[in-house]
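I opened my notebook and the viewer side by side. I wanted to look at confidence, then a helix, then some side-chain pairs.

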Amino acid sequence: FAWLVPQGTWALDTVILEGKTFYVLRSTNDWNDFCQKVEDVNMYSGMKNNMNAILAADFSITKACTYYRGIFDGNGHTINANISDYDTGIFKFSKNSTIKNLHLTGTIQNKQNTDNTAGLVSCLEGETITISDCWVSATIKGGVVSGFINRTYSVEPTITNCLFDGKLISETKKHGAVFVGV
């Protein structure tokens with residue numbers, strides 16, 4: 001499909017795809033603005049609000065998005081993540097989400113080299129997640145490390161047509177897993 005959205009300078013652009021509103025992310029600033037919106041609406045609501053996003057360009061990030069719920073479509077683009085934080089992936093906590101069509105590069109590291117470090121989602125909380133057509137080439141460093149999801153808390157994620165060709169480095173020599181940790 002093809003779509004054109006004018007570029008805004010003060011607010012995130014949106015597009016309607018299959019009846020759902022998506023924020024269009026083209027830059028690091030767009031990512032930071034989107035993550036702030038996600039945190040503002042989901043931090044105290046128990047992650048009840050969907051916040052969909054679609055990438056329109058490759059870009060780099062240095063912070064994780066917290067409390068994510070919704071559809072995140074990489075649209076074939078690459079995020080180069082250089083994140084050093086606690087309990088981290090590009091999404092710290094996620095619930096009832098879909099992540100698709102994304103290539104992830106860079107380095108994601110837990111500041112204290114403790115548990116919960118992953119490429120995509122540090123902790124999956126309470127509901128399902130679907131990850132499809134994603135490629136993680138990042139270096140993941142921490143205590144318990146995983147390429148895609150670290151902690152699932154008894155939730156069974158669905159991961160299809162994905163590739164991990166990055167590096168997993170357990171600084172505490174605990175353990176790691178390519179797709180899902182524990």
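**Entry 1: A charged pair**

I looked up Asp85 and found it buried, as is Lys92; buried means under 20% relative accessible area, exposed over 50%, and partly exposed in between (1.4 Å probe, protein chains only). Asp85 and Lys92 form a salt bridge, with their closest N and O atoms 3.0 Å apart. I noted the rule: a side-chain nitrogen of Lys or Arg lies within 4 Å of a carboxyl oxygen of Asp or Glu. The count by this rule is two salt bridges. Asp13 and Arg26 also meet in one, at 3.0 Å from N to O. Both Asp13 and Arg26 are buried.

**Entry 2: What I am looking at**

This is a predicted model, where local features need pLDDT of at least 70, side-chain atom pairs count only at pLDDT 80 or more, and totals for chains, interfaces and linings use all residues. Residues are numbered from 1 along each chain as its sequence is written, and side-chain values use heavy atoms, leaving out hydrogens and water. I checked pLDDT, the predictor's confidence in each residue from 0 to 100. The chain has a mean pLDDT of 85, and 84% of its residues reach 70 or more. Over residues 1-10 the pLDDT is below 50. Where pLDDT is low, the predicted coordinates should not be read in detail.

**Entry 3: Helix H1**

I then turned to H1, residues 28-42. Helices (H or I, at least four residues) and strands (E, at least two) are DSSP runs, numbered from the N terminus. Which residues of H1 are buried? I found Asp30, Trp31, Phe34, Cys35, Val38 and Asn42. They cover an arc of only 130° around the axis, which puts them on the same side of H1. The arc is taken from the directions from the helix axis to the C-beta atoms. On the other side of H1, Asn29 and Asp40 are exposed.

**Entry 4: Rings around Trp31**

Rings of Phe, Tyr and Trp (its six-membered ring) pair if their centres lie within 6.5 Å; planes under 30 degrees apart are stacked, over 60 edge-to-face, the rest tilted. I noted eight aromatic pairs by this rule. Why is the pair of Trp31 and Phe72 edge-to-face? The ring centres of Trp31 and Phe72 are 5.9 Å apart and the planes stand at 90°, so the pair is edge-to-face. Phe72 sits in strand E5 (residues 71-85), 41 residues from Trp31. Trp31 and Phe91 have ring centres 5.8 Å apart and planes at 50°, so this pair is tilted. Both Trp31 and Phe91 are buried.

Methods. Contact = heavy atoms within 4.5 Å.
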